[in-house]
Amino acid sequence: MIIFCIAAAMLSADREYPTFIENTFGFIIVPLQSLNAAIADHIEDAANYFKDVDRLKEENNELKEQLLLQNAQLSRMEYLKSENDRLNALLQMDNKYTDFTTVSAKIIAKDPGNWYSNFIIDKGSDDGLQKNMAVLSGDGLVGRIKECGKNYSKVIAIIGDSNAITGQSIRTEDIGYITGDLSDIGSCKMEYISFDAEIIEGDEIVTSNLSTIFPPGLKIGYVKNIHTDTNGLTKFAQIEPAADFRHMENVLVISGDFSDDPEKDFAENSDTQNDY
Amino acid sequence: MRIFVYFLTLIINLVLQSTFLESISLAGIKPNLILTAVVSVSCIRNGEEGAAYGFFAGLLQDCFFSNYIGCCVFLYTFIGYFCGAVFKNFYRENFIMPMGIAAAATFVYEFLYYIINILLLGYTDIIYFMCRIILPEVVYNALAMIIVYNIYLKANEYLEEREKYKRKVF
């Protein structure tokens with residue numbers, strides 16, 4: 001029994017695709033879970049229907065104002081982007097912030113245990129998702145896809161992930177390695193920040209352009225506090241994630257290739273040269 | 001019939017555990033229905049059946065949620081077997097004893113889970129994990145056990161009645 005468990009653990013730890021049997025169970029369980037989630041949503045909606053009318057009116061007005069503002073900003077952004085493109089072409093720089101496509105998905109189940117915050121979303125390889133794609137909520141980075149079945153995907157949250165993400169502070173561009181911090185459940189820690197980095201509490205941390213699976217510039221969270229390591233050479237910081245892991249319903253999955261592949265860069269470069 | 005009912009309860013447990021239980025969690029801790037189901041089966045029937053039930057419950061949970069397969073399989077099988085062995089000499093209509101066993105089983109399960117998955121990553125602050133996760137879940141599971149155990153007891157009565165009838169016919 002023990003040998004069987006250990007063998008299963010070793011074989012299943014880092015595989016590409018779930019097995020046929022898991023996929024079959026996926027076909028049975030995923031519809032049930034979506035149904036359940038839908039029922040829960042419906043009950044909540046019905047309960048809040050009358051309570052919400054006044055609040056919604058107010059919110060609607062606010063949102064309309066915001067939309068106007070955002071539209072104005074967007075048009076300005078478009079202008080800046082075109083200017084940026086022109087200047088980039090002048091400098092013959094490659095475009096690091098490539099466009100990416102997003103797929104929206106609904107969370108249908110959360111981890112049964114209390115230790116981790118992994119969850120299941122209702123899109124899988126049928127919708128073009130793959131292992132290691134980045135998952136976002138409206139507030140910030142949530143995690144990455146750990147395993148991709150046919151009609152479901154298992155997402156591993158950044159607050160429980162022992163694989164490191166390279167992050168950097170927006171203000172000072174100091175780089176560190178972010179992992180989940182289980183000694184304070186619900187937060188992350190950023191390690192190996194160089195000793196002379198000028199990072200302070202409250203700094204915003206985003207993904208850096210060193211990562212191969214996350215696009216640069218996604219918000220991760222804010223620095224809660226900073227300590228010096230016992231070796232005195234590096235610092236580590238505790239990060240409060242921007243995403244709210246308790247109350248998430250919908251997430252976005254970002255697909256695209258962000259690795260610094262020299263051949264790809266070369267190809268893109270030659271493309272842009274041809275364009276202009 | 002019994003196997004079909006077991007399979008059905010496994011799936012219902014997993015679905016409920018991963019969807020509805022999130023909304024009745026207290027301080028971020030939710031009870032573990034799957035664990036209480038395994039303890040109920042092994043108390044009501046016997047250790048061997050509990051172990052088999054635990055094996056498949058763990059396999060299902062591991063397939064869907066864990067980072068690797070094997071941890072929950074081992075823990076649920078282990079708990080299923082030993083709860084049955086402990087409960088052998090007690091009346092199963094008594095509710096207090098299963099509650100105690102569920103509490104003990106939850107403690108063992110979470111403690112071993114901590115050692116296998118968390119301690120080896122370098123998190124040694126056991127007092128924090130005890131107060132934050134393990135002890136609240138022990139209490140919550142013991143309370144959830146009252147409801148779950150009653151349901152399983154009724155279901156088992158019905159199933160045993162059917163099986164008795166079947167044996168008379170043949």
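1. A salt bridge here is a side-chain nitrogen of Lys or Arg within 4 Å of a carboxyl oxygen of Asp or Glu. Glu49(B) and Arg45(B) meet this rule through their side chains, at 3.1 Å from N to O. Arg45(B) has 28% relative accessibility, so it counts as partly exposed (buried is under 20% relative accessible area, exposed over 50%, partly exposed in between, with a 1.4 Å probe and protein chains only). Salt bridges with shared partners join Arg2(B), Arg45(B), Glu49(B), Glu160(B) and Glu163(B) into one network.

2. A word on the basis. This is a predicted model, in which local features need pLDDT of at least 70, side-chain atom pairs count only at pLDDT 80 or more, and totals for chains, interfaces and linings use all residues. Residues are numbered from 1 along each chain as its sequence is written, chains are lettered from A and ligands numbered from 1 in the order in which they are written, and side-chain values use heavy atoms, with hydrogens and water left out.

3. How many salt bridges are there over all chains? The count comes to 11. One of them links Glu59(A) to Arg55(A), with the closest N and O atoms 3.0 Å apart. Both residues lie in helix H3 (residues 53-91) of chain A, 4 residues apart, about one turn of the helix. Helices (H or I, at least four residues) and strands (E, at least two) are DSSP runs, numbered from the N terminus. Glu59(A) is partly exposed at 33% relative accessibility. Arg55(A) is partly exposed too, at 45%.

4. Arg171(A) and Asp203(A) also form a salt bridge, 3.0 Å from N to O. Arg171(A) sits in the loop between strands E6 (165-169) and E7 (175-181) of chain A, and Asp203(A) in the loop between E8 (187-194) and E9 (204-207) of chain A, so the pair ties together parts 32 residues apart in sequence. Asp203(A) is buried, at 6% relative accessibility.

5. Now the barrel. In chain A, 6 strands close into it in the order E6-E7-E8-E11-E10-E9, with antiparallel pairing. From one strand to the next, the twist averages 45° (axes are lines fitted to C-alpha atoms, and angles run from 0 to 180 degrees between N-to-C directions). Strands pair if DSSP finds at least two bridges between them. E10 (residues 219-228) and E11 (residues 234-241) of chain A are joined by 7 bridges. Val223(A) stands opposite Ile239(A) in E11(A).

6. Last, Phe27(A). This residue is in helix H2 (residues 20-48) of chain A. Phe27(A) is partly exposed, at 46% relative accessibility. Beyond neighbours within four places in sequence, Phe27(A) contacts Lys150(A) and Asn151(A) (contact means heavy atoms within 4.5 Å).
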